[in-house]
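Here is a short report on a protein–RNA model.

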Amino acid sequence: MARAYITTPIYYVNDRPHIGHAYTTTLCDVWARAMRACGEDVFFLTGTDEHGVKVEKSAQERGISPKALADENSAEFRRVLGTFGLTNDDFIRTTEPRHERQVQEFVRRLLATGAVYAGEFEGWYDESQEEYVTETRAKECNYLSPVSGKPLVRAKERNYYFRLSAFQERLEAFFAANPGFVRPEARFNEVKGRLRDGLQDVPITRTNFTWGIPMPNDPEHVIYVWIDALFNYATALGLAEPDGGTRRDWWPARYHVIGKEILWFHAVVWPAMLMALELPLPGCVYAHSFWISNGQKMSKSMGNFIDLPTIERYVAAYGLDAWRWAMITQGPLGATDADFVPKQFHELYTAQLVNTFANCASRTSAMIGKYFDGTLPCAPEGGRPASIAPGSPTWQALVDGARDRSLEHYRAFELDQAADAALSIIRAVDASINETQPFKLAKDPANLPEVGAILACCAQGVRAAAALLQPILVTKADEVLASYGGCTPTDLVRDGGWGTLAAGTTITKCAPFMRVDAPPA
RNA sequence: GCCGAUGUAGCUCAGCUGGUUAGAGCGUUGGAUUCAUAACCCGAAGGUCGGCGGUUCGAGUCCGCCCAUCGGCACCA
């Protein structure tokens, strides 16, 4: 069985969960479910990033230990997974012993090969913020702290560096050979553009705080959180364990799904580190864009974050599946940000889920109930044209074609298009009903065989569409499938295609998505 | 400042290598219909394709300039 490894970023415990976290994780979940249903052996990882000066400070402010803060917020992130019906196979925390010992092992290896070395860093230091500012930024600010306005001081620090500069050519060659390594394409261009400006070595340790993994040979130094965090993708599989890990066959990841703000580390630093460790590189770093809120960037100062309580109100009003549908079909999978607008959420729900998907499932099942007592009178004929229009494809070609497109889109992480391909079957069923008017034919009993033949095809279409939408509509698709003769699909190639319904199958009336008055306040 | 992108109907967007009256979905609106969750179906209104100039027989589509918006610019997890 083919192995497929997909990851979310690990979420920084200093944040509260919001739509961004929900979005990234839902994307991965849909892909994981779809690939499992295509017969792949999927490993889906998420987790929390728990070290760093920010966590240390926040904990101090609250008078608790960093570990206590991390425990609390990590638990909150795990609770969120329950809310969204996510099916991650593991949840890694960077404070777990399995992670810490492996990070140290990786760093030891990097030291041994010379990819990590001890060096001096000199730069402009902002004492009020306890951080260095770049040369250009310092100049911009007239060598005054951009925050406190106090003069910056020239400071020197001994640090460990990762020899990123040594990987410039190998990265360029790798990028040239793997045009799909960073997606969407516009993001890849940004990365390549920056790469052309040249690479500098990056410090990978800190001495100004202690909440982190100690440098193996030099415990005065703490491994910088970023380096610590990136390794989670490997430590979760146990790659640096003495036996190479029981999960090593999942390596490398097919997709690292991330937000665009952390692209550089994933697209450049991470591959370079893996090259240094002689580990295979991931297939794709998918950097989605951001949700904005009513046309405005979400920010703490604006107080317009779509936070967990807000999301929960939507889930309560519309159901989890409707929320997931909005994430997948309206989300910022491309290079531009997507706007979360309550009115649009509502209209989308009504137009696509209620009026298209649910209504079609409802009208088809209603007619089978009315004219055939809820029993499919005959098997669907695949060779029948799907429309009276000349040159129309046969039902089987139409449904299997939509299935193939949908699965291809799922595989390629074009989740919105995967959903649309599935919905195209529903639109075809609706069109077919409108053209052939079985509800009129049924008035003359002599026409019943023809009515049955029409409705059998429609039912088969609805069933295939529901199966294809199951990775997104995890609850409602099952309801429809249950009404149309079967349960949860285990094989999307079969269940999402033609030929799964037999004569005599019981079809019960179903109404998966009901109208909702208005979006929550 | 540097690099990159985007700007097409009220909203979200399609428009490949330039070629008849610029498209889709949603929204608005008129009608038709009843199998269906006031759904589905048909029709209508609505765009000087950011602005100016250029190349061309012909430009939303190529070139230049300008305007606007957005993103990236490394230690920010």
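The sections below start with conventions and then turn to the contacts.

## Conventions

This is a predicted model, in which local features need pLDDT of at least 70, side-chain atom pairs count only at pLDDT 80 or more, and totals for chains, interfaces and linings use all residues. Residues are numbered from 1 along each chain as its sequence is written, chains are lettered from A and ligands numbered from 1 in the order in which they are written, and side-chain values use heavy atoms, without hydrogens or water.

## Surface near the RNA

RNA strand B has 46 residues around it (near: a heavy atom within 4 Å). Lys54, Arg206, Ala358, Asn434 and Phe513 come nearest. The surface divides into 23 nonpolar, eight polar and 15 charged residues. Here Ala, Val, Leu, Ile, Met, Phe, Trp, Tyr, Cys and Pro count as nonpolar, Asp, Glu, Lys and Arg as charged, and the others, including Gly, as polar.

Helix H13 (342-372) gives the most, with 13 residues. Helices (H or I, at least four residues) and strands (E, at least two) are DSSP runs, numbered from the N terminus. Among the other elements that supply at least two residues are strand E1 (3-12) and helix H10 (263-276).

Of the RNA atoms within 4 Å of the protein, 66% belong to sugar or phosphate. The rest belong to bases.

- Tyr224 side chain to a sugar or linking oxygen: 2.7 Å.
- Trp264 side chain to a base nitrogen: 3.4 Å.
- Phe513 backbone to a base nitrogen: 2.3 Å.

## A three-stranded sheet

An open antiparallel sheet has the order E9-E11-E10. Strands E9 (205-206) and E10 (214-215) each have a single partner strand, so one side of each lacks a neighbour in the sheet. Strands pair if DSSP finds at least two bridges between them. Two bridges join E9 to E11 (residues 218-223). Thr205 has Ile223 as its bridge partner in E11.

Definitions and conventions
Polar contact = N/O pair within 3.5 Å; in protein donor to acceptor, adjacent residues only side chain to side chain.
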